[in-house]
Amino acid sequence: VSAVDEPLAGGALGEPGPDGGGQTSAARLAAYVQGGGVIVPLLTVLLAFLAGGLVILVTGHNPISTYKAIFNGTGLNWLLPWTSSADRPAAALNLQQTLILTVPLILTGLAVAFAFRCGLFNIGGQGQYLMGSYAAVWAGSSFAGMAHFPHVIVAALAAAFVGALWAGIAGLLKATVGANEVISTIMLNYTAIYVGDYLFGLGGPLQNDAQRSVPVSNDIVPGAKLHVFWGDPELQGLHIGIFVALLALVVFWVVLNRSTTGYEVRAVGLNPEAARSSGMSVGRNYLLVMAVCGFFAGLAGAMDVLGWQFRIATNDIDISQIGFYGIAVALLGRNTAVGTFFAALLFGGLLSGTSQRNLDPTIFEPELASNLTTIIQGLVVLFVSADVLVISILRSGRRLMPWRRSRT
Amino acid sequence: VTSAVATAERERTVTPRHVGWGAIAVGVIAWYIALPPILVRSFVPSVVLGVIAIGAGAWVLGRGENRLGWGAIAAGVIGAGGAVASTRSGAGHLADVVTWSALFAAMLRFATPLLFGALGGIVSERSGVVNIGIEGMMLTGCYFGIYGADIGGSWVIGLVVAMVAGGVLALVHAVFSITLRADQIVGGVAINLLALGITGYLYVEHYGEQGTPDDVSRVPDVTLPLIKDIPFVGDAIGKTNLMTWLAILLVIVLAVFLFRTPQGLRLRSVGEHPRAAETVGLSVIRTRYLAVIASGVFAALGGAYLSIGFLGSFNQNLTAGRGYIALAVVICGRWRPGGALAFACLFGFSSAIAQRLPTFSDSGAVLFQALPYVLTIIVVAGVIGRSRPPAAIGQPYTRE
């Protein structure tokens, strides 16, 4: 018995009700947050930054110099031709940081976007990312004798498959008993945190061998580290994970827009009932899509572990937020490949630009700034949640949205 | 209780339901006798009891009571397994962890914020608005509670400021999800992020490196004059925070309101069938606004309890996912205040165990911390009982 045969089975939030027009909330989102349109996302970001600037102003700081310092912290000034050669080395370091953060943001963004296109809301990117990173650190710190290339492949694939399994739990429950994926993925996020606390905590099975009083994993062996192609490996230069992320974007686009599977996924996302009537298995698509989402998110965990973290401490698990940023990335990127890339770059820049390491503390306190990033992220998500708001600022009515139809 | 099983086999007037509940109790007893103060040091009696529970569970299962049957089997397995583990660990360690009165008191401490958050969730979701934002509303109450108590010099002011702040944040959620008909889940995620950012920002701005002051006014404990001298009960509830009693009171008030008053019926009808509710003259929009704002106020009280009732301090992201456990409480408790009380206590108890367990097993403690989340996944999967939400939940309402 599949989910949609029994709409109200198993605690299904947002399933069809008497007045709902027979769509889940995520299906509604899939219908309206997809494809096309550059103006609405840009305006969303502009509004969020304006509101963030207001927060800076009200609390007695200068928003312009703050934003300028954050921009310099992102290293994006490296791309500007008029940046002086004296500033270039520092800008390059910052830009490497931004791009390092962009890698997992692209991948966790895809993990959310792919689910949206199938009418599912994957809040579980964080948990899938974490489970993937555990697998990567295990595989990366084992098999010490292995050659570099196969070792990296094994570790990355192990992470991706563990992520896919973790997300697959939610997909399976959705497909078989109709369990609401929002609730199950939220709960899987926290379960994943405690799995990590158990694995790497004191006395845990994957705790490091050297210092039994420190709750941290073993370091991955040098042979499993990703190649750094820009900058100094000792100073966290940019690793080749960026190409993996870019490749994932291409794969996402091709699968979604140029394959039968992608056609089915989008059809289920737009209208599960119609998809079922035309002979597609809605449940199978739910399971498949969640597994693919987990694959992306798990891969994100692998890129971070193999690219620059090299180990996992239980403290880092508790404060990690990358998977949650994926939600904002996907929403702002309107669940498209290109949109996800730019949204990931924006949030990667915000995260590195407000970091302790990159932001000039004489202008704005980094600790304040990182909270500012969270506020901006929240505002972006809030504004996207009510597209109506941004669109009504442009102009009211449906005339503005013909591109939505053309994209499907 | 064992006699219940025995009589069940002698005479058929005892229904499988009775046997099922009896078997669950036997499973619990199997573990209980291996713990202080009884502390049976042999695993044999516990295993015998566990097997009895499993057998009775299988019998019940054969009579068509699936839920109870599996519950009894699980109780038997967990009870016997736990007892075996207990008999193998040192008696001293066990005494450290299992002091029933202290565990009970700790359970109430951990359950209080969950209960406030869950009651908030129930009110909002019963009116048809999903509230993932409970976590953020709690965190807001957390910060503004201590801020108000610090600036105003009194915990009463702290609570008021917390309630106002939680209500305002809930108003944002209401405007977006009801008036702008935004997606309620995305909106809730946004509320959580906003609350995390804003409270973190204000905390760094106001308190910076020193942290919140130590001498901030705190919600007092209630000392019950006669009861505090009764041996077990005195230690358990003799000295409990005022907010805990308030939460329990709120459970009763809300249960009566929702299921025994016309206003409660209206609230529920708006969540089940808004069109019909509107047809008989109710304002769906107004009802939902009030419900969502109330949910923010309740959740903020839970947060304020954390900062000025329990800890006396604030730190960034202090709630650390408690709002999501509150959400779990709502679902497991089936959108009922009484059910919420039961599950808040269960999850509070598992937190209490988790807090004490690291003295001899870190890994075991983690298991108990994860319990609420794992149990919720099992519940939404429908393995133990179906939990059915209000029918119109998550659907924006448009007047025709």
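Visitor: Is B:Asp221 buried, partly exposed or exposed?
Guide: Buried means under 20% relative accessible area, exposed over 50%, and partly exposed in between, with a 1.4 Å probe and protein chains only. B:Asp221 has a relative accessibility of 38%. That places B:Asp221 in the class called partly exposed.

Visitor: What kind of model is this, and how are its parts numbered?
Guide: This is a predicted model in which local features need pLDDT of at least 70 and side-chain atom pairs count only at pLDDT 80 or more, while totals for chains, interfaces and linings use all residues. Side-chain values use heavy atoms, leaving out hydrogens and water, chains are lettered from A and ligands numbered from 1 in the order in which they are written, and residues are numbered along each chain from 1.

Visitor: Which residue meets B:Asp221 in a salt bridge?
Guide: A salt bridge is a side-chain nitrogen of Lys or Arg within 4 Å of a carboxyl oxygen of Asp or Glu. Here the N to O distance is 3.3 Å. B:Asp221 lies in strand β1 (residues 221–223) of chain B and its partner in strand β2 (residues 239–241), so the pair ties together parts 18 residues apart in sequence; strands are DSSP runs of E with at least two residues, helices are runs of H or I with at least four, and both are numbered from the N terminus. The partner is B:Lys239.

Visitor: How many salt bridges does the structure hold over all chains?
Guide: Among them is the one between A:Lys174 and A:Glu181, with the closest N and O atoms 3.1 Å apart; both of these residues are buried. Another joins A:Glu264 and A:Arg284 at 3.7 Å. Over all chains, the number is 5.

Visitor: How far apart in sequence are the parts that A:Glu264 and A:Arg284 tie together?
Guide: A:Glu264 counts as buried at 19% relative accessibility, whereas A:Arg284 counts as partly exposed at 49%. Their side chains meet in a salt bridge. Because A:Glu264 lies in helix α9 (residues 260–270) of chain A and A:Arg284 in helix α11 (residues 282–309) of chain A, the parts tied together are apart in sequence by 20 residues.

Visitor: How many residues of α15(A) are buried?
Guide: Helix α15 of chain A runs over residues 366–385 and reaches 28 Å from its first C-alpha to its last. That is close to the 28 Å expected at 1.5 Å a residue, where the expected span is 1.5 Å times one less than the number of residues. The helix is largely enclosed by the rest of the structure, because its buried residues number 18 of the 20.

Visitor: What is the phi of A:Asn335 near?
Guide: Most residues other than glycine have a negative phi. A:Asn335 has a positive value. A:Asn335 sits in the loop between α13 and α14 of chain A, and it is buried, with a relative accessible area of 1%. Its phi is near 60°.

Visitor: How far apart in space are A:Gly333 and A:Ala343?
Guide: A:Gly333 is in the loop between α13 (322–332) and α14 of chain A, and it counts as buried at 2% relative accessibility. In sequence, A:Gly333 and A:Ala343 are 10 residues apart. In space, C-alpha to C-alpha, they are apart by 5.5 Å.
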